[in-house]
Amino acid sequence: MKIPDDKLEELKRQTIVDNSRLEELIKDMDEGFIGPGKREEFHELLKKSQLFMPVVFGQNMHDALENNNPGEIFVPDGQVGFDINYIKLQGNERAVPLFTSNELLESTGLQSSTI
């Protein structure tokens with residue numbers, strides 16, 4: 001089943017992620033230029049933001065997606081497997097990396113199946 005072009009364009013518009021203000025506040029924090037008001041704004045924006053997390057799909061999902069055409073609706077058979085690409089810290093500790101944009105995620109070189 002193919003999604004009509006107008007519906008596909010609308011879906012693309014709805015899924016645009018703009019975290020530019022959050023990125024500005026993070027930069028200000030890194031440079032030490034943030035007061036209580038900006039800190040509160042940062043926390044509110046962070047709670048509402050859409051962030052990117054590197055996820056690696058299982059081989060069955062990867063194969064199925066490669067066989068789809070752009071604009072087609074994909075409905076997987078059975079469970080869809082994926083792994084979060086954690087960052088290893090000291091000892092056995094791990095952290096879930098989150099990014100404000102796909103470009104930042106890609107710049108780290110972390111493997112990710114998702115955009």
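Surface patches are made of residues with over 30% relative accessible area and no salt bridge, nonpolar side chains being joined within 5 Å. In this predicted model, Leu46, Leu51, Tyr86, Val96 and Leu98 form such a nonpolar patch, with about 380 Å² of accessible area together. One of these residues, Leu51, is found in the loop between helix H3 (36–48) and strand E1 (55–57), and its relative accessible area of 31% makes Leu51 partly exposed. Aromatic pairs number zero in the structure.

Asn85 is placed in the loop between strand E2 (82–84) and strand E3 (87–88), where its relative accessibility of 19% counts as buried. Beyond its neighbours within four places in sequence, Asn85 is in contact with Pro54, Val56, Pro97, Leu110 and Gln111.

The structure holds four salt bridges. In one of them, the side chains of Glu41 and Arg21 meet at 2.8 Å, N to O; Glu41 lies in helix H3 and Arg21 in helix H2 (residues 20–30), so the pair ties together parts that are 20 residues apart in sequence. A salt bridge is also formed by the side chains of Asp28 and Lys38 (3.0 Å, N to O), which links helix H2, holding Asp28, to helix H3, holding Lys38, across ten residues. Within this pair, Asp28 is buried at 16% relative accessible area, whereas Lys38 is partly exposed at 31%.

Note on methods
Residues are numbered from 1 along each chain as its sequence is written. This is a predicted model: local features need pLDDT of at least 70, side-chain atom pairs count only at pLDDT 80 or more; totals for chains, interfaces and linings use all residues. Side-chain values use heavy atoms; hydrogens and water are left out. Helices (H or I, at least four residues) and strands (E, at least two) are DSSP runs, numbered from the N terminus. Buried means under 20% relative accessible area, exposed over 50%, partly exposed in between (1.4 Å probe, protein chains only). Contact means heavy atoms within 4.5 Å. Patches are made of residues with over 30% relative accessible area and no salt bridge: like charges are joined within 9 Å, nonpolar side chains (Val, Leu, Ile, Met, Phe, Trp, Tyr) within 5 Å. Accessible areas come from the Shrake-Rupley method with a 1.4 Å probe; for residues, only the protein chains shown count as cover. Rings of Phe, Tyr and Trp (its six-membered ring) pair if their centres lie within 6.5 Å; planes under 30 degrees apart count as stacked, over 60 as edge-to-face and the rest as tilted.
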